[in-house]
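Please look over the chain shown below.

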Amino acid sequence: MTVPKIVGIAGGTGSGKTTLAKKIREGLGSASHLIQFDWYYRDLSHLPAKEREDVNFDHPASLESDLLVEHLRALKRGETIEAPLYDFKTHARLTETLRISPHPVIVVEGILLFCFEPLREMLDIKIFVDTDSDIRAFRRIRRDMRERGRDFNSIRKQYYKTVRPMHLEFVEPSKRYADVIIPEGGNNLIALDLIIERLKQFA
């Protein structure tokens with residue numbers, strides 16, 4: 001059995017890490033699979049809607065990191081996992097899960113991925129996507145309005161209340177754990193080509 005190589009991609013909100021992760025998967029084809037750390041947000045269905053909206057989703061405590069570690073260990077053992085799926089409009093986990101079998105390369109991406117030592121220990125390659133804060137902010141606004149049904153005022157309030165301070169406290173310092181730091185994520189075609197070619201030896 002070939003033990004999967006796990007590639008971790010972290011970076012601030014809107015940095016381009018999801019684009020990078022998807023393009024790596026496209027470059028590797030069926031030899032790879034993508035896991036998003038966002039799927040592992042804690043289920044808040046037991047809370048009233050107003051309380052759910054007040055949760056700090058940019059703090060490490062909002063994510064069930066232990067479950068992701070457990071799943072990555074299972075994949076390395078050659079086992080299939082049932083990854084959770086999350087509804088960002090209701091802040092609750094969906095009843096269905098995503099079945100993921102071991103692949104030669106598993107790409108995991110998430111803002112706070114490098115903030116947990118047990119998670120870092122599971123990653124064979126750690127990539128940090130470094131993008132200017134103004135570009136990241138505009139990308140987040142566009143995503144939250146298009147994909148998560150939010151209005152500009154709520155996005156702005158959350159950005160100043162939790163997104164920016166949590167980035168400075170947790171995300172930005174975590175790049176010291178990276179093996180590689182890439183500006184602009186999936187738009188950096190030279191870096192993308194180098195990474196894909198490096199990973200093809202495991203595919």
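Predicted model: local features only at pLDDT ≥ 70, side-chain atom pairs only at ≥ 80, totals over all residues.

**Helix packing**

Two packed helices are described by the angle between their axes and the distance between the axes. Helix H1 spans residues 17-28, and helix H7 spans 189-199. The axes of H1 and H7 come within 10 Å and cross at roughly 45°. That angle makes H1 oblique to H7, because angles under 35 degrees would count as roughly parallel and 65 to 115 as roughly perpendicular. The crossing of H1 past H7 is right-handed. On the H1 side the contact is made by Leu20, Lys23, Ile24, Gly27 and Leu28, and on the H7 side by Leu192, Ile195, Ile196 and Leu199. By class, the residues of this contact are 7 nonpolar, 1 polar and 1 charged.

The second pair consists of helix H5 (residues 133-147) and helix H6 (residues 152-171), whose axes come within 11 Å and cross at roughly 135°. H5 is therefore oblique to H6, since only angles over 145 degrees count as roughly antiparallel. H5 also passes H6 in a right-handed crossing. From H5, the residues in contact are Ser133, Arg136, Ala137, Arg140, Ile141, Asp144 and Met145; from H6, they are Phe152, Ile155, Gln158, Tyr159, Val163 and His167. The contact of H5 with H6 divides into 7 nonpolar, 3 polar and 3 charged residues.

**Salt bridges**

Side chains of opposite charge can pair when their charged atoms come close. With a cut-off of 4 Å between a side-chain nitrogen of Lys or Arg and a carboxyl oxygen of Asp or Glu, the model has 13 salt bridges.

| Lys126 | Asp179 | 3.7 Å |

The salt bridge between Lys126 and Asp179 links distant parts of the chain, the two residues being 53 residues apart. Lys126 belongs to strand S6 (residues 125-130), whereas Asp179 sits in the loop between H6 and strand S7 (180-183). How accessible is each partner? Lys126 has a relative accessible area of 13% and is therefore buried, whereas Asp179, at 48%, counts as partly exposed.

Salt bridges with shared partners join Asp144 into one network with Asp58, Arg140, Arg143 and Arg150. Asp144 and Arg140 are also among the H5 residues that make the contact with H6.

**Single residues**

Ile24 lies in H1 and is buried, because its relative accessibility of 0% falls under the 20% limit. Which residues does Ile24 touch, leaving aside neighbours within four places in sequence? Its contacts are Ile9, Val107, Leu192, Ile195, Ile196 and Leu199. Leu192, Ile195, Ile196 and Leu199 are the H7 residues in the contact of H1 with H7.

Ser30 is found in the loop between H1 and strand S2 (32-36). Ser30 is exposed, at 71% relative accessible area. From C-alpha to C-alpha, Ser30 and His103 are 8.0 Å apart in space, and they are 73 residues apart in sequence.

His91 is in the loop between strand S3 (81-87) and strand S4 (92-100). Most residues other than glycine have a negative phi. His91 is not a glycine, yet it has a positive phi of about 55°. His91 is buried, with a relative accessible area of 16%.

Asn188 occupies the loop between S7 and H7. With neighbours within four places in sequence left aside, Asn188 is in contact with Ile182 and Pro183. Asn188 is 40 Å from Lys50, C-alpha to C-alpha, and 138 residues from it in sequence.

Notes
Residues numbered from 1 in each chain as written. Heavy atoms only, no water. Axes fitted to C-alpha atoms, helices over the stretch in contact; angles between N-to-C directions. Helix = DSSP H or I, 4+ residues; strand = E, 2+ residues; numbered from the N terminus. Left-handed = near helix turned anticlockwise from the far one by under 90°. Contact = heavy atoms within 4.5 Å. Nonpolar A, V, L, I, M, F, W, Y, C, P; charged D, E, K, R; others polar. Buried < 20%, exposed > 50% of the residue type's maximum accessible area, 1.4 Å probe, protein only.
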